[in-house]
Amino acid sequence: MKAILTFIAVIAIACCSNAQDFAKAMATAKTSYNAGKLEETHFALQQAMQEVDLVVGQEVLKLLPPKMDAMEIVGKDDNVTSNIGFVGATIHRAYAQKDGKKADISIISNSPLVAMTNSILNTPMLGGMMSDGRSKTVKVQGYKARLEKQAGSTADKNDYELQIPLGSAMITFKVDDCTDTQILAFADTIPLQKIAKLIE
């Protein structure tokens, strides 16, 4: 029931925020459907859903932490774009601090990578075959995730990437010059359950 109410609220927000585009796409879909033009109906409905996906993406950005430790948001890098060829959106936020340390969050709804990552996380034999000693399975707020030390890491500087499948979405979180404990602590500041309710 909560999911339905959340979806209705998001639709309402979409209608208010992008009323002209959304209303135009829905009117085109209705007209095309009544005329028996199913291909045009399908296309118009996809356009309407893209508007909703963009609004949801903006709401997700509002949920992300305003800072991570000493790293501040890089405002010019905040971005929400429609996924080309797929339903959904890509949400991006970057953080940085003056000494050059950076973090990066990308959330792709309806990501084709979710199935493969879930297979690696939930099939021990497959996960073992894919492991090169640089990656491991971890839990973040109850969600299974894959933590990987990035190529180019050195003895005194490690860069990590964390992939968290969240329903049909994939969260990719990268932090440079940190420890595995630090990236997991940063990941704990991301409100995964709230994000999941919006994008599922």
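These are my notebook entries on one chain, looked up in its structure.

**Ground rules**

I am working with a predicted model, where local features need pLDDT of at least 70, side-chain atom pairs count only at pLDDT 80 or more, and totals for chains, interfaces and linings use all residues. Residues are numbered from 1 along each chain as its sequence is written, and side-chain values use heavy atoms, with hydrogens and water left out.

**Entry 1: the whole chain**

I looked up the secondary structure and found seven helices and nine strands. Helices (H or I, at least four residues) and strands (E, at least two) are DSSP runs, numbered from the N terminus.

Next came burial. The chain has 200 residues, and 38% of them count as buried. Buried means under 20% relative accessible area, exposed over 50%, and partly exposed in between (1.4 Å probe, protein chains only).

I also noted the surface. The accessible surface of the chain is about 11,400 Å², and carbon and sulfur atoms hold 58% of that. The areas come from the Shrake-Rupley method with a 1.4 Å probe; for residues, only the protein chains shown count as cover.

Then contacts, meaning heavy atoms within 4.5 Å. Among the contacts in the chain with a separation of 6 or more, 48% join residues 24 or more positions apart.

**Entry 2: α6 and what covers it**

I went to helix α6, residues 180-187, where I183, F186 and A187 are buried. They span an arc of only 100° around the axis, so they sit on the same side of α6. The arc is that of the directions from the helix axis to the C-beta atoms.

What covers these buried residues? The cover includes β1 (67-68), β2 (71-73), β6 (135-140), β7 (143-149), β8 (160-166) and β9 (169-175).

I followed β9 to F173, which is found in that strand. F173 is buried, at a relative accessible area of 0%. Leaving out residues up to four places away in sequence, I listed its contacts: M68, A103, D104, I105, Y160, E161, L162, I183, F186, A187 and I190.

**Entry 3: S135 in β6**

Strand β6 holds S135. S135 counts as buried at 14% relative accessibility. Its contacts, leaving aside neighbours within four places in sequence, are R146, L147 and E148.

I asked which residues of helix α7 (residues 192-199) are buried. They are L192, I195, A196, L198 and I199. Down the axis of α7 they fall within an arc of 165°, so they line one face of the helix. The face turned away from that buried side carries the exposed residues Q193, K194 and K197.

I then looked at α4, where V114, T117, I120 and L121 are buried. Their arc is 130° seen down the axis, so these residues also line one face of the helix.

**Entry 4: positive phi**

N110 has a phi of about 55°. N110 is found in the loop between β5 (102-108) and α4 (113-122). At 33% relative accessibility, N110 is partly exposed.

D177 also has a positive phi, near 50°. Its place is the loop between β9 and α6. D177 is partly exposed, with 38% relative accessibility.

**Entry 5: V74**

V74 is found in the loop between β2 and β3 (79-82). It touches A94, Y95 and A96, not counting residues up to four places away in sequence.

I noted a volume of about 170 Å³ for the second largest pocket. On a 1 Å grid over the protein atoms alone, a pocket is an open set of points where a 1.4 Å probe fits, with protein on both sides within 12 Å along at least five of seven lines; lining residues have an atom within 4 Å of a point. Points are joined across faces, edges and corners, and the volume is the space filled by probe spheres set on them.

Which residues line it? They are D21, K24, A25, T28, E40, F43, A44, Q47, Q50, E51, L54 and S82. The elements giving two or more residues to this lining are α2 (19-34) and α3 (38-63). The largest share, seven residues, comes from α3.
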